[in-house]
Amino acid sequence: MLKAGVLGAGHLGKIHLRLLKQSEQYQLVGFYDADEENGKRVEAEFGYHFFNSIDDLIDAVDMVDIVTPTLSHYECAKKAIAKGKHIFIEKPITNTVEEAEHIRELLAEHGLRGQVGHVERFNPAYLAVKSEIKTPMFIETHRLSEFNPRGTDVPVVLDLMIHDIDIILSIVKSKIKHISASGVAVISDTPDIANARLEFENGCVANLTASRISLKKMRKARFFQKDAYISVDFLTKKCEVVKMKDAPDNPGDFDMVLQNAEGVRKQIYFDNPKVENNNSILDELEAFAHAINTNSTPVVTLHDGTEALRVATQIIECF
């Protein structure tokens, strides 16, 4: 079992602590939080060992789980890598692309493993249809949430949209040739609602919308490709696959058949894969343990996290 320590005991940090404690891949050694009062409160309530210094925690573990505010990711990661520790780092990977690239360089120099917490890659609805998404030519995503003061220190692009940016970049195997976007600050000092259009060299277009001032939650993605439409609801963990194939000569009474102007007839049918329930955060942490133990490439590499941040930064620069 890998000895794990958590940096940061906020809302998400406490979730990571609980899951690492129950994981069979890790031995939770303890945590550090810059807010000593909060650290001692978490220790008293849950029984996790609170370290008085970040260095003492890092020295005691094999893997450092960085769940601190984004502004501190870079310094935390540098400390952990300098001491020869593998790092799991929450999204966005760092505050700037330059910081992310430097962490990647340091990790490679020390021969260590790193993974970024783009948890939607482990969403069961996405996993159920991932193999069906082959060459999408149009993608539409909506990630809407109700207002929550937590997270408003960064634009909604870094807070919410970056999840969908990462998913899209992992699917579309082509370079981006053009980005256009708009964003509006309504309640916060940074944009609370944003829309972006990504145009890829292979002709694929992705239209992304993110808002943290909506009246209802939504986390949906739709993928359109030749002879198929695939939708993923990351929130309800449901998916839908609609396919087309050549229509039979003698369709049944309930077969759905379309005919275009050229007379080509296609049959529409539904192929909805089974969604296996899981805990996405636990799965991403244990996938990282597997990568460390087998010396293999993590599911979400630091390169992936860096590229998602790079595109998010380019979107923000359009505002």
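Asp 227 is partly exposed, with a relative accessible area of 24%. In this predicted model, Asp 227 adopts a positive phi of about 65° although it is not a glycine, and its place is in the loop between strand 10 (218-225) and strand 11 (228-233). A positive phi, near 55°, is also found for Asn 295, again a residue other than glycine; Asn 295 lies in the loop between helix 8 (280-294) and helix 9 and is exposed, with a relative accessible area of 57%. Most residues other than glycine have a negative phi, and most peptide bonds are trans. A cis peptide bond, with omega of about -15°, joins Lys 91 and Pro 92, and Pro 92 is placed in the loop between strand 4 (86-90) and helix 5 (97-110).

The structure holds 20 salt bridges. In one of these, Asp 59 pairs with Lys 83, with the closest N and O atoms 3.0 Å apart; because Asp 59 lies in helix 3 (residues 54-59) and Lys 83 in the loop between helix 4 (73-82) and strand 4, the pair ties together parts that are 24 residues apart in sequence. Asp 59 counts as partly exposed at 47% relative accessibility, as does Lys 83 at 34%.

Helix 7 takes part in two further bridges through Asp 164 and Asp 159. Arg 143 forms a salt bridge with Asp 164, the closest N and O atoms being 2.9 Å apart, and this pair links strand 6 (residues 138-144) to helix 7 across 21 residues; both Arg 143 and Asp 164 are buried. Arg 212 forms a salt bridge with Asp 159, with a closest N and O separation of 3.7 Å, and here the loop between strand 9 (205-211) and strand 10 is linked to helix 7, the two residues being 53 residues apart. Arg 212 and Asp 159 are likewise buried. Salt bridges with shared partners also join Asp 55, Asp 59, Lys 79 and Lys 83 into one network.

The second largest pocket has a volume of about 330 Å³. It is lined by 17 residues, of which Leu 169, Ser 174, His 303, Glu 307 and Val 311 are the closest to its centre. Helix 7 (156-171) and helix 9 (302-317) are the elements that give two or more residues to this lining, and helix 9 supplies the largest share, 7 residues.

Val 186 is located in the loop between strand 7 (176-184) and strand 8 (193-200).

Technical notes. Residues numbered from 1 in each chain as written. Predicted model: local features only at pLDDT ≥ 70, side-chain atom pairs only at ≥ 80, totals over all residues. Heavy atoms only, no water. Helix = DSSP H or I, 4+ residues; strand = E, 2+ residues; numbered from the N terminus. 1 Å grid on protein atoms, 1.4 Å probe; cavity = no way out; pocket = protein on both sides within 12 Å on 5 of 7 lines; lining within 4 Å. Points joined across faces, edges and corners; volume = space filled by probe spheres on them. Buried < 20%, exposed > 50% of the residue type's maximum accessible area, 1.4 Å probe, protein only. Salt bridge = Lys/Arg side-chain N within 4 Å of Asp/Glu carboxyl O.
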